[in-house]
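Subject: Structure handover

Hi,

Here is the structure I promised to pass on. My notes on it follow below.

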Amino acid sequence: MSFAFTAHINARHKVLRFSPKFALATLVGLLCTTALADAPLTLHGAQQRAVERSRLLVAKDYAALASREMAVAAGQLPDPVLRIGVDNLPIEGPDRFSLTRDFMTQRRVGLMQDLTRADKRRLRAERFEREAEKSSAEKTATTATIQRDTAVAWLDRYYSEAMAAVVAEQTDQAKLEIQAAEAAYRSGRGNQADFFNARSSLVMLDDRASEIGRRVSNAKVLLARWIGDAAQLSLGGKPAIDVIRLDAATLETDLQHHPEIAVLGKQEELAATEAKLAQANKKADWSVELAFMQRGSAYSNMVSVGVSVPLQWNQKNRQDRELTSRLAQVEQAKAEREDALRAHVAEVRAMINEWQNSRERHARYQQELVPLANSRTMASLAAYRGGKAPLTEVLASRRNQIDVRLQALQLEADTARLWAQLNFLFPRDSASAHPAVWMNQDSK
């Protein structure tokens with residue numbers, strides 16, 4: 001009892017001695033967790049969260065796993081068949097229902113095995129391997145789609161909030177103009193119409209702020225579809241939308257490896273494997289059977305051996321027709337892949353042209369139109385303060401300024417959307433971002 005009590009006291013002292021370190025480690029962990037929770041949500045971070053959170057990618061992993069497991073099963077011989085029966089059992093006369101008195105009555109136990117040809121089993125296994133490869137290619141295509149749609153949702157929220165900030169800034173200016181108009185009216189330097197015009201301008205800005213607020217809320221909802229509650233985090237800086245990962249000179253060659261084209265390529269390989277299997281089916285599989293027949297004690301027991309061979313007497317209307325059908329499916333898959341590649345090349349070239357044009361227009365807004373609108377507003381405000389211009393001119397300049405700034409932001413948002421669609425045609429960091437599901441070692 002004394003030893004147990006002493007051990008308990010020593011253990012308690014050790015806990016007390018190490019508790020400050022434990023508390024410090026816990027505090028550091030909490031601070032790190034809080035820092036991560038409060039860290040701005042970058043575009044790349046949102047894409048990583050979306051890929052990790054996706055259940056569709058998990059479904060593609062399980063589809064590949066299912067096909068690989070079936071590939072192992074398809075490569076095996078069919079299960080043997082146990083056959084048990086009674087032959088030549090009399091049902092009339094003095095020996096009816098006797099298993100031993102009639103010399104023809106026998107109890108039979110047999111085993112039958114279908115001997116599927118090795119090349120057929122190999123092709124059946126290969127077919128499921130092609131299915132697994134197609135599922136893996138679909139996973140890559142799905143990853144690219146998730147990253148692209150997440151990027152578009154992130155950018156929509158970013159630019160909606162930027163527009164909201166512009167309207168909020170102009171609202172603050174409008175409130176100051178209302179105060180100035182009211183003060184001028186009370187001092188006799190202005191008229192009541194200027195005050196009402198300023199009030200109307202503020203109400204219009206409030207209405208525009210309400211509209212943009214709706215866009216911000218919808219953008220958060222669409223972003224939450226991909227990353228969940230993290231969509232409520234503040235956003236980090238915008239990415240560089242002036243550079244894409246595509247070269248127009250090698251576009252057709254690069255797009256041959258596009259995930260969606262790769263899926264069609266795997267479909268073509270699958271169709272080719274099924275055509276090879278149809279060719280192999282023109283050679284029939286045999287079955288063998290071994291049976292032991294037991295008779296009455298007065299008679300000898302017997303053994304039977306048999307071979308079954310299907311008679312393909314109508315190959316031109318069965319096996320040949322099936323092979324022709326499979327070969328047609330190969331050509332169909334090939335034609336669909338080639339047409340999809342042409343469509344992708346044309347679509348991407350058009351998107352690149354539109355992206356470049358949007359960049360040029362945005363640069364014109366930033367370098368010319370926005371500075372001109374700001375200068376006009378400053379000039380109108382200076383003239384109003386000097387008594388050389390009415391307040392309506394200032395308000396008109398303000399409206400023009402906010403319209404130009406919002407148009408510039410909308411143009412930049414459209415450019416960013418095109419950038420996301422072009423830049424994420426291929427997945428980024430897909431191999432490490434979403435680990436595959438566990439697979440049976442025997443299926444490798």
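Which helix holds Gln170? Gln170 sits in helix α4, residues 118-187. Helices here are DSSP runs of H or I with at least four residues, strands are runs of E with at least two, and both are numbered from the N terminus.

Two points before you read on. This is a predicted model, in which local features need pLDDT of at least 70 and side-chain atom pairs count only at pLDDT 80 or more, while totals for chains, interfaces and linings use all residues. Residues are numbered from 1 along each chain as its sequence is written, and side-chain values use heavy atoms, with hydrogens and water left out.

Confidence

pLDDT is the predictor's confidence in each residue, from 0 to 100. The chain has a mean pLDDT of 85, and 85% of its residues reach 70 or more. Confidence is highest in α3, at 96, and lowest in helix α10 (residues 430-433), at a mean of 43. Residues 1-9 have pLDDT below 50, and this stretch has zero contacts in the model beyond near neighbours in sequence. Where pLDDT is low, the predicted coordinates should not be read in detail.

Gln170 is buried, at a relative accessible area of 3%. Buried means under 20% relative accessible area, exposed over 50%, and partly exposed in between, using a 1.4 Å probe and protein chains only. Leaving aside neighbours within four places in sequence, Gln170 is in contact with Leu205, Arg398, Gln401, Ile402 and Arg405. Contact means heavy atoms within 4.5 Å.

Ala291 belongs to strand β3 (residues 286-294). Ala291 counts as buried, at 5% relative accessibility. Its contacts, apart from neighbours within four places in sequence, are Arg108, Val109, Gly110, Met302, Val303 and Ser304. Met112 is 179 residues away from Ala291 along the chain, yet their C-alpha atoms are separated by 8.4 Å.

Helix α3

Helix α3 covers residues 55-74, 20 residues in total. From first C-alpha to last, α3 reaches 28 Å, close to the 28 Å expected at 1.5 Å a residue. That expected span is 1.5 Å times one less than the number of residues. Buried residues of α3 include Leu57, Asp61, Arg68 and Ala74.

Ser54 lies in the loop between α2 (43-53) and α3. Ser54 counts as buried because its relative accessibility is 10%. At the start of α3, a side-chain oxygen of Ser54 comes to within 3.2 Å of the backbone nitrogen of Leu56.

Loop between β1 and β2

Asn88 lies in the loop between β1 (81-87) and β2 (106-115). Asn88 has a positive phi of about 60°, although it is not a glycine. At 42% relative accessibility, Asn88 is partly exposed. Phe97 is in the loop between β1 and β2 too, with phi near 60°. Phe97 is exposed, at 58% relative accessibility.

Nonpolar cores

A nonpolar core is a set of buried Ala, Val, Leu, Ile, Met, Phe, Trp, Tyr and Cys residues joined through side-chain atoms within 4.5 Å. The largest has 58 residues, of which Trp154, Ile227, Val348, Trp419 and Leu422 touch the most other members. Helices supplying at least two residues each to this core include α4, α5 (192-227), α8 (319-385) and α9 (391-423). Another core, of six residues, lies apart from it, with Tyr365 and Leu411 among them.

Best wishes

How values were computed. Polar contact = N/O pair within 3.5 Å; in protein donor to acceptor, adjacent residues only side chain to side chain.
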